[in-house]
Amino acid sequence: IFESVFRILFQSFHRVLKSGPPRPRLRRSFAIRSSDGRRFSQKRKVAMLPTASHVIETPITLGDGETLDGHGQTYTLPGGWDFAPITAVNVTGATIRNLSIVAPPDNLSGVTGIINLQRTKKVRLENVTIQAAGRRDGTPNKGLPIIIWQTQDTLVENSAFSYSPHWNVEASGNDRLTLRRVDAHHGYFDGIKLATANTDTLIENCWCHDNGHNGGVGDGIDFCHGAARCDIVNTKCNHNTNGITFKYGPWNPGGSDDAPRVPCYGVKIRGGSLSHNDSSGLFAQGFSGKPPAGVEGDSAPWPMTFSVSDVVAENNTNHGFLVGAGTWTFRGCLAYRNQQHGFYISDLARDCHLSDCDAIANLNANFNIWAKRTDLTNCKAFGVDVFNTPANNWKNAVRVSQYGINLQWKPVRGGDHGVFRRVINKFSIHENDKPKNLPPHHWEDEPKNGPAARSAGR
């Protein structure tokens, strides 16, 4: 009996050693439904890239739930390529990740994305770098790094798109598009082009720089033809034509006479910087696009509910913040050392409000205000560079700004003045303190004997 028991134990122990540790049970993968209602498994599909040559010679088309993983490798395309390299159309749940593509000059007949997303849902791009061929010797290529068209819940993060012959990222008609930590640079036109009718867009911690490259005219981010509920958060736009440009398209640019107007509202720019651009930091241009037949160019809903907060605009060739048609709110912003105006609120705007904003050492006017009913609250205009001047020497420092507040009288001669509350306007070459065209009762200085003064010990 003892020998039998010993033999059984020895054989069991030997089998365990031979087979290794027990394998964990695999869970069933989570099944979701595709755009046409079919069920698929997230773990069973993998799209394939070439492994030997690292040249993508034929189109790669992603299906529902597929993952295209480059495993950190760099790929290229054939010289004179004339196809769409990576495409996802009517797809749900696909992923593209860990992939770099450097494109040579193409032979495309029309504009095509190196990555094309069309009518997709819940597609993710992670750690993707696409370098297009740009424009060489005056000949435009037609391959853009990425086109995102009529998608839902698309996420692009930790990625870079560059050297486009047009714009680096083209997004049109998307709902809930998120661009996070995206580097868009050296495009012939714009870094990020938010074209027609994008809604609930988030651009966060991105860097758009050196666009308008190689003789082109390009902005860091260009809103065009409508944007509803869009947030730009902690994003840097520098060394472009303009940092951020905003155009209001009051109609669908498709051209039909009965095309619906595209709404434009609820845009918030929070944090970040707009610096060293060839024109302005923020250029809120106004209405744009060709109207339907018989429709006036400005026959559109008034663009409003736009806010800019805690943004720095500095060292731009023209203006820090330039506002055309629309109603804008600025809070806690800084315009510093721009070569024309710090804040330029044009006569096309109306009912704008600036609070807790500082305009320092801009070369023409710190605040150049033409619009009707523009209010300033707790703002400061200093004509000297207070950031590089000892605090006890501001009065004797070199005065940089021509005007602290240049309030134009013609737009407000009908009595449409704004109200300036607790505004400091000092040390400019011309005109300090209350602007001469502002009625005294619209200049509300802090009371000398009120509760606030007594609490401050004055």
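Colleague: Which residues does Asn240 touch, not counting residues up to four places away in sequence?
Modeller: This is a predicted model. In it, Asn240 touches Cys208, His209, Asp210 and Asn211, together with Gly218, Asp219 and Gly220, and also His276, Asn277 and Asp278, leaving aside residues up to four places away in sequence.

Colleague: Is Asn240 buried or exposed?
Modeller: Asn240 is buried, because its relative accessible area is 0%, and the cut-off for buried is under 20%.

Colleague: Where does Asn240 lie?
Modeller: Asn240 is in the loop between β20 and β21, the latter being residues 244-248.

Colleague: Which backbone oxygens lie by a polar atom of its side chain, that of Asn240?
Modeller: The backbone oxygen of Cys208 is 3.0 Å from a polar side-chain atom of Asn240. For the backbone oxygen of Asn238, the distance to a polar atom of the Asn240 side chain is 3.2 Å.

Colleague: Turning to the nonpolar residues, how many residues has the largest core?
Modeller: The largest nonpolar core has 86 residues, and those with the most contacts inside it are Phe223, Phe321, Trp328, Phe330, Phe343 and Phe367. Its largest share, four residues, comes from strand β20, residues 227-238. In soluble globular proteins, nonpolar side chains tend to be buried together.

Colleague: And what does Phe330 touch?
Modeller: Beyond four places in sequence, Phe330 touches Leu282, Val308, Phe321, Val323, Phe343, Ile345, His353, Leu354, Ser355 and Cys357.

Colleague: On to the strands: how many bridges join β5 to β7?
Modeller: Seven bridges join β5, residues 67-76, to β7, residues 95-102, and the two strands run parallel. Within this pair, Thr67 stands opposite Thr95 of β7.

Colleague: Which residue stands opposite Ile96 in β9?
Modeller: Opposite Ile96 stands Leu125 in β9. Strand β9 covers residues 124-131 and runs parallel to β7, with seven bridges joining them.

Colleague: Finally, what is the average pLDDT, and where does pLDDT stay under 50?
Modeller: The protein averages a pLDDT of 84, with 79% of the residues scoring at least 70. pLDDT stays under 50 over residues 255-259, for which the model has four contacts beyond four places in sequence. It also stays under 50 over residues 449-458, for which the model has seven such contacts.

Colleague: How should low values be treated?
Modeller: Where pLDDT is low, the predicted coordinates should not be read in detail.

Conventions: Residues numbered from 1 in each chain as written. Predicted model: local features only at pLDDT ≥ 70, side-chain atom pairs only at ≥ 80, totals over all residues. Heavy atoms only, no water. Pairing = 2+ DSSP bridges. Core = buried A, V, L, I, M, F, W, Y, C linked by side-chain atoms within 4.5 Å. Buried < 20%, exposed > 50% of the residue type's maximum accessible area, 1.4 Å probe, protein only. Contact = heavy atoms within 4.5 Å. Polar contact = N/O pair within 3.5 Å; in protein donor to acceptor, adjacent residues only side chain to side chain. pLDDT = per-residue confidence, 0-100.
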